[in-house]
Amino acid sequence: MNAEEHIKKLRAKLDTIPVFQQLEDAMSVPKEYLFLLGATVVMLLLLLGVGVGSLCSIIGFLYPSLQSFKAIETKQKGDDTQWLIYWTVYALFSILEAFIDWLLYFIPFYYAFKLAFLLWLMLPQTRGASFLYETFLRDFLKRNESKIDAAIDNARKNAGSVTEEFVAAGADLASKGLSAAAKAAAKKD
């Protein structure tokens, strides 16, 4: 298949997306060239690392959020499960990434790999999140469920006591501040 045939196929696919027709009409540039230019710019940004952290976050969040909304609104339960699994794997990945963020800085083209990984996780054709969940994560979570629940319960209790201490300290500080302000005002009179 030669390049012209590929471009014709691309144009046929882009004909189904109204925004490309609008861009073509407004700019007087064929939509397939606009698409290729946009794809090239995105690839360069990925390779150069400009704004790719935000791009990965948007892609990893926006499409799955829309699909999750659609899944919630349908009567089928299979699509709900697919997107719950995605969010479980995405959360684990995000937590791991936060802990080793300083190390990821040294990996060349990390965000290009991350974007490919996120696409693999979310796309229905690949069902990467389901693969990871069923292969690794489910057994780990089942084995450690009681430990995880205990840690969450402990964190909840500690958060409550820390909040109580913070409020008490804030009230004490506020009363001392008001007392000092009243004494200072009394001295001026």
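Predicted model: local features only at pLDDT ≥ 70, side-chain atom pairs only at ≥ 80, totals over all residues.
The residues of α7 that are buried are Tyr 110, Lys 114, Leu 115, Leu 118, Leu 121 and Met 122. Viewed down the helix axis, these buried residues of α7 fall within an arc of 130°, so they line one face of the helix. An α-helix has 3.6 residues a turn, so residues three or four places apart point the same way. Helix α7 covers residues 110–122, and its 13 residues reach 18 Å from the first C-alpha to the last, close to the 18 Å expected at 1.5 Å a residue.

Buried positions in α4 are Val 52, Cys 56, Gly 60, Pro 64, Gln 67, Ser 68 and Ala 71. The cover over these buried residues of α4 includes α3, α5 and α7.

An unreviewed UniProt entry places the feature "transmembrane region" at residues 33–63, 84–105 and 111–133. In the model, the span 84–105 is 91% helix and 0% strand, with its end C-alpha atoms 29 Å apart. For the span 111–133, the figures are 78% helix and 0% strand, and the end C-alpha atoms lie 22 Å apart.

The largest pocket has a volume of about 180 Å³. Twelve residues line this pocket, and Leu 104, Tyr 105, Ile 107, Tyr 110 and Tyr 111 lie nearest its centre. Helices α3, α6 and α7 each contribute at least two residues to the pocket lining.

A search of the whole structure for cavities of 30 Å³ or more finds one. The space in the largest cavity amounts to about 40 Å³. Its lining consists of Gln 82, Trp 83, Tyr 86, Leu 121, Met 122, Arg 127, Gly 128, Ala 129 and Ser 130. At least two of the lining residues come from each of α5, α7 and α8.

Backbone torsions were considered next. Most residues other than glycine have a negative phi. Ser 28, however, has a phi near 55°, a positive value in a residue other than glycine. Ser 28 sits in the loop between α2 (18–27) and α3 and is exposed, with a relative accessible area of 65%. Phe 109, which is not a glycine either, has a positive phi of about 60°. The loop that holds Phe 109 lies between α6 and α7, and this residue is partly exposed at a relative accessible area of 45%.

Helix α8 contains Phe 140. With a relative accessible area of 40%, Phe 140 is partly exposed. Between the C-alpha atoms of Phe 140 and Tyr 110, which are 30 residues apart along the chain, the separation is 26 Å.

Methods:
Residues numbered from 1 in each chain as written. Heavy atoms only, no water. Helix = DSSP H or I, 4+ residues; strand = E, 2+ residues; numbered from the N terminus. Expected span 1.5 Å × (residues − 1). Buried < 20%, exposed > 50% of the residue type's maximum accessible area, 1.4 Å probe, protein only. Arc of directions from axis to C-beta. UniProt positions renumbered as here; feature names shortened; annotations may be inferred. 1 Å grid on protein atoms, 1.4 Å probe; cavity = no way out; pocket = protein on both sides within 12 Å on 5 of 7 lines; lining within 4 Å. Points joined across faces, edges and corners; volume = space filled by probe spheres on them. Contact = heavy atoms within 4.5 Å.
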